[in-house]
Amino acid sequence: MAKKRARVQQFADEDEEDDTSPSLQSRKFKIPKIKHDAQNVSDLPTNEDLPPPPPPPPAPPLQKPLVSLKDEKVRYWTERGGVRVHGLVHKNPVSIVNEKYPCAEWNDTKISEKGTNIKFTVSLHVNDEYYYGTASNKKEARRLAAASCISKRLGLISDFGQHNNHGNQQQPTTTPDLSSPDEKTQAVPEPLTPTNNHSKKRPVTPKTPISVSDGRSPVMILNEVYGPSKCHYEFIENTHPVHSFTAKLTFLGSVFEGTSANKKKAKQVSALNALAAQGYEVCHDEDIPVESPKTPRTPSAEVNSVDRELQAFADKVALLAQNKFAELSAHVEEHQRKKKVLAAAILYNNVNGKSFRPDGDMEIIALTTGTKVLGGEYLSVEGKAINDSHAEIQIRRCIIRFLYGQLKAFRDKRSSVLEMKDGKYKLKKEFSLHLYINTAPCGDARIFSPKQEGDQAQVIDDDTHPNRINRGQLRTKIESGEGTIPILNPSEALLTWDGILAGQRLRTMSCSDKLCRTNVLGLQGSLLSHFMLPVYYSSIIVGRLFSHSHLSRAIYKRLQVESVESLLPPGFKVNVPLLLPVTVAEPRSVSKASGFCFNWTYGDTAPEATKTVDGKVNDNNASQSRICKNSLFKLFLAEYQMSSGSDEFATKMYCEAKDAAKDYLEAKMLVMDQFKKLGYGCWVKKPVEQNMFSLN
């Protein structure tokens, strides 16, 4: 330790010596002088000979504000219209406060409510200081309070929210004063009027059409105008007949309901109804006037738009059909209740003198289910089997049974929906028939339909390729198969009895094609044409896979040509029914189709269940169905004998009685010929042997 102290003292003595001491002078560095030769001085380049220095690199563009901190003041600089604006930021002031002061406290308080004018005040507590913001909603009030805070503490002014819809900045006129109010007086500063992204929307006035999907929620409008405290919502889940939700809105002492596939949409519909009751003009999505010239409405879209009254009518028809099915399915065995396709015929009594109102008298006169066709080995030469068990095809046979009953009621001078005109019966003018199908009919109406999206079907012309050759083609259902295929070869339209017995697959025309033919020939068929004028559907209501362009083409547009309409016999026409969707469609069934179907007609005590594979009643005796050809022929013979007193057709075959209806036969041959001439294909006919039976 002593040696170490001696060395430290020696170094200290050396540091105290004068700078002129030899030890320090020896440590100084000398810079050598550079000497040039006189002969080489002239060879050195002058300033004129040197190349000019390169220009300095351009300053990078100012993309972000430059930040300089001094005494807790943040200074932002940015180019704004060619002028540097000091202290202007483009960030939400609430975000700046949360980043700079994470311990800040927010308090929301509603301070005033004068009629429909509601004001909210938000206080911000930062480091024992309070800042306030007042606006018509809490979000804007928070922004104003935060803007006041950063203006006082950081010297910043935020123009967040003061941009147009394209994000272009607007030149500010004056810098607003956002200083916080005095704590003693607790004065509330005047709120800014922001120019937000919704500034170009139409103002909500009683003359402005309001819709569920035009960007302004009816629930939001109701809360802003009347206040959320006056709106109370209750939700009810409906599991029958389809899964849906009903929102009940209690508002100003009244209850408004809205039903849809989800709670959000049901709530919006109930709020829309409440606004309509307060004098606001509400409309459906299809009725909103289009303001942009880039998307003009087509005339077909305006014609096919569904108003609220027609939509309510279609929804009521669908609900009646589903409820009737639930009632009738209790009378059949459990394994026979499963259905994929449901069809119902509704008789509407126009008691109010206006067409198709939901408050009119409606009665379901027939209901059927089924999706299968007959097996080839079960074809009946006596007409005792049902060839096509699809629901929309069976429903026509049930309507024929209903009309036979109405003929008997008219003859017995009982109440009937028929009246006499020119020696034949016709439907009274105050009655109309309507068809409901829970999904689009197979064939041309369904195969090109888009997937179901949402709970409101589109009613505009949605076919982007209407001129393709496959549009409108006649298609057939195949035995033991699903779906339909077109008739590519005319020879495929020929079916023979021995060919089917030898293994040829039975082919049946699609439901779309049969509905198209029925839309010209009428629902009554050939046998009833002896007594009646043609009867047509007034509307067709479809649940799932509704497409107006495809459905209208499949049902009537294929034959809506002058060559057909001008040549039809008197009384026949190309009927143009009203095509309507439903608001809440029945969910798609992914289970395998049942091998059973049932039919019910007005006056029956219970539905009749049949097997689709053989087309006969599901009992031990395999009895014939009440809607097969044989049964309907019996009804015809009884009615013909009672009305004319003649047994002319008692000994004749079924095909002869059909061909005796000359006008019907002429119209039928015209339709078949026009399908072929217009390029839609050939109609597939069953073997003629199946119609060559008599009842004696």
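K413 is placed in the loop between helix 10 (391–411) and strand 15 (418–421), where helices (H or I, at least four residues) and strands (E, at least two) are DSSP runs numbered from the N terminus. The model is predicted: local features need pLDDT of at least 70, side-chain atom pairs count only at pLDDT 80 or more, and totals for chains, interfaces and linings use all residues. Residues are numbered from 1 along each chain as its sequence is written, and side-chain values use heavy atoms, with hydrogens and water left out.

**Positive phi in loops**

- K413, a residue other than glycine, has a positive phi near 60°.
- K413 is exposed, with a relative accessible area of 79%; exposed means over 50%, buried under 20% and partly exposed in between (1.4 Å probe, protein chains only).
- D422 lies in the loop between strand 15 and strand 16 (424–427), and its phi is also positive, near 55°.
- D422 is exposed as well, at 73% relative accessible area.
- Most residues other than glycine have a negative phi.

**Strand 17 and its partners**

- Strand 17 (residues 431–439) is mostly covered, with 9 of its 9 residues buried.
- Strand 17 pairs with strand 13 (residues 342–349) in the antiparallel sense over 7 bridges; two strands pair if DSSP finds at least two bridges between them.
- Within strand 17, L433 stands opposite L347.
- Strand 17 also runs parallel to strand 21 (residues 537–544), joined by 6 bridges, and H434 has S539 in strand 21 as its bridge partner.

**Nonpolar cores**

- A nonpolar core is a set of buried Ala, Val, Leu, Ile, Met, Phe, Trp, Tyr and Cys residues joined through side-chain atoms within 4.5 Å.
- The largest core has 85 residues, of which L433, M532, Y537 and F636 touch the most other members.
- Helix 10 gives the most to this core, with 9 residues.
- A second, separate core of 25 residues includes V317, F325, A344 and A585.

- Strand 10 and strand 11 (residues 244–251) run antiparallel and are joined by 8 bridges, and the bridge partner of Y233 in strand 11 is L249.
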